[in-house]
Amino acid sequence: MPKIRKEDKLPLRLTQLGKIYRLVEQFEEISRIDLSKLSRLAPATITALTRELIKEKLIVERAVQNTESRGRPAIGLCVSPFYWQSLCATLVENRFELILSELDGGEIKSKSYPLTTSDLVHLDQVLVQYLQQFLFETQHELNHLITFSIAVGGELDSKNRLIKLGDVNLDLDLESLFKPYFKVPVLVTEYFQTWLMAESTLGSVINCDNVLFLQLDDVINFSVLSKGELLTHQHQVRSHINKMIVPKISPLQDLISPHLADLERYQLQHQVTHKAIYPLITHYFPEATLAQSEIEFLCQKANAQNPQAQQILHYVADSLAYILMNLVNIFDSEKIMLSSSFLSAKEVFLPRVNQTLKANLGADYPHVEVITGRYEWNTPVVAAAAIKQGIYDGSLLGHFIKH
């Protein structure tokens with residue numbers, strides 16, 4: 001599980017409760033004896049901690065029949081699949097999604113609300129209107145809410161204010177905006193952070209301690225898991241690699257960002273993001289229209305074996321592999337977790353990235369591999385990842401467990 005360094009120390013009991021909850025979730029039907037061994041806590045401490053978690057209806061006891069013995073069934077511990085609920089929101093430039101789910105990820109109800117460019121001008125009013133509508137529609141299903149969490153596909157500043165969504169600059173305190181509508185904590189995170197938390201704790205890199213996380217779309221988000229800890233800066237897990245330089249590796253680059261001086265032109269952000277690739281799509285496929293996502297159009301062409309489309313994706317893959325080579329050498333990473341709309345042509349794009357990366361790294365890193373995530377964009381598991389992290393580290397438990 002990734003750890004984020006915190007300046008404010010929580011009471012020991014809360015961190016212990018979070019640790020035990022995580023182990024129960026990870027090892028379903030685990031016994032108290034095994035919990036004591038894995039956590040290195042005394043059996044008496046385990047008894048007290050599990051009693052408290054059961055009392056708060058976060059875990060439950062379950063009889064487990066031992067097939068090797070005809071005696072009394074053993075008692076195992078499991079995460080409670082009922083009682084507590086989470087309400088999670090995902091905010092991106094063109095939609096606002098709300099998901100009400102059980103704490104174990106089971107969806108109860110969800111709804112997606114469209115956002116237009118004009119909505120972004122008075123975004124606070126629009127979001128509150130949609131939230132109130134959803135709360136009204138789920139008033140009979142909504143019970144025992146543990147928290148409200150919102151993940152934004154944009155940029156938060158060091159004070160956790162939303163400062164950018166798509167190409168629109170904002171200054172919006174989402175926590176203060178939504179707090180009047182709940183009696184529970186309101187968590188605000190960047191979607192990239194919740195995605196990497198989900199993949200690290202429950203997904204494709206659960207047993208890896210050295211991982212690079214990369215999102216490549218209209219923006220580039222990057223983070224590093226090193227020795228089991230997420231490297232942070234000013235409480236942000238996202239690092240900036242936008243200005244890393246891509247060398248001249250393809251004639252296609254003559255069509256990319258020609259209006260910029262060379263020092264800027266060959267920066268990663270001006271070579272492989274959506275905005276950088278659009279001129280290539282327009283040049284080779286003038287029939288592409290705004291009625292369809294240009295990247296989606298490109299990937300469909302590549303999947304249909306169109307040579308120009310495949311050439312463009314291969315260029316993006318080769319550029320990305322060059323940057324990843326440098327990052328792997330810096331951070332000594334084992335895996336690279338990639339999320340990108342270019343993966344709509346996964347069979348074209350992903351093998352090329354791995355092939356070029358392997359050639360660049362040589363024999364020094366024979367096992368490094370670029371992989372894709374386990375979870376889709378709007379799954380409850382990803383949306384609720386910030387909530388689970390708050391339980392694991394104990395910070396969320398402090399709001400309803402007396403210590």
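Where is the place of Phe 27? The points below answer this and then follow the model through its helix contacts and cores.

1. The model is predicted, so that local features need pLDDT of at least 70 and side-chain atom pairs count only at pLDDT 80 or more, whereas totals for chains, interfaces and linings use all residues. Residues are numbered from 1 along each chain as its sequence is written, and side-chain values use heavy atoms, with hydrogens and water left out.

2. Phe 27 has its place in the loop between α1 and α2, where helices (H or I, at least four residues) and strands (E, at least two) are DSSP runs numbered from the N terminus. Because its relative accessibility is 35%, Phe 27 counts as partly exposed; buried means under 20% relative accessible area, exposed over 50%, and partly exposed in between, with a 1.4 Å probe and protein chains only. Leaving aside neighbours within four places in sequence, Phe 27 is in contact (heavy atoms within 4.5 Å) with Leu 38 and Leu 77. Phe 27 and Leu 77 are 50 residues apart in sequence, and their C-alpha atoms are 8.8 Å apart in space.

3. The loop between α1 and α2 also holds Glu 29, which has a positive phi of about 65° although it is not a glycine. Most residues other than glycine have a negative phi. With a relative accessible area of 34%, Glu 29 is partly exposed. A positive phi, near 55°, is also found in Asp 332, a residue other than glycine, which lies in the loop between α10 and β14 and counts as partly exposed at 48% relative accessibility.

4. On either side of the loop that holds Phe 27, the axes of helix α1 (residues 12-26) and helix α2 (residues 32-39) come within 11 Å and cross at roughly 120°. Axes are lines fitted to C-alpha atoms, for helices over the stretch in contact, and the angles run from 0 to 180 degrees between N-to-C directions. The two helices α1 and α2 are therefore oblique to each other, given that angles under 35 degrees count as roughly parallel, over 145 as roughly antiparallel, 65 to 115 as roughly perpendicular and the rest as oblique. Their crossing is right-handed; a crossing is left-handed if the near helix is turned anticlockwise from the far one by less than a right angle, and right-handed if clockwise. Lys 19, Ile 20, Leu 23 and Val 24 of α1 make the contact with Leu 35, Leu 38 and Ser 39 of α2. By class, the residues of this contact are five nonpolar, one polar and one charged, where Ala, Val, Leu, Ile, Met, Phe, Trp, Tyr, Cys and Pro count as nonpolar, Asp, Glu, Lys and Arg as charged, and the others, Gly among them, as polar.

5. Helix α6 (residues 191-201) and helix α13 (residues 385-392) have axes that come within 8 Å and cross at roughly 60°, and the pair is therefore oblique, with a left-handed crossing. Thr 194, Met 197, Ala 198 and Thr 201 in α6 meet Ala 385, Ala 386, Gln 389 and Tyr 392 in α13, which gives five nonpolar, three polar and no charged residues. Thr 194 counts as buried because its relative accessibility is 0%. Not counting residues up to four places away in sequence, Thr 194 touches Ala 151, Thr 189, Val 382, Ala 385 and Ala 386.

6. Helices α8 and α10 pack at an angle of about 165° with their axes 10 Å apart, which makes α8 roughly antiparallel to α10. The crossing of α8 and α10 is right-handed. The contact involves Ile 277, Leu 280, Ile 281 and Tyr 284 of α8, together with Gln 308, Gln 311, Ile 312, Tyr 315 and Val 316 of α10.

7. The largest nonpolar core has 50 residues, and Ile 277, Leu 298, Leu 324, Phe 342, Phe 349 and Leu 357 are those with the most contacts inside it; such a core is a set of buried Ala, Val, Leu, Ile, Met, Phe, Trp, Tyr and Cys residues joined through side-chain atoms within 4.5 Å. Among the elements that give two or more residues to this core are α8 (274-284) and α11 (346-361), while α10 gives the most, with 13 residues. Not counting residues up to four places away in sequence, Leu 324 touches Leu 214, Ile 336, Val 353, Leu 357 and Val 370. Apart from this core lies another, of 32 residues, among them Leu 87, Phe 96, Phe 134 and Val 152.
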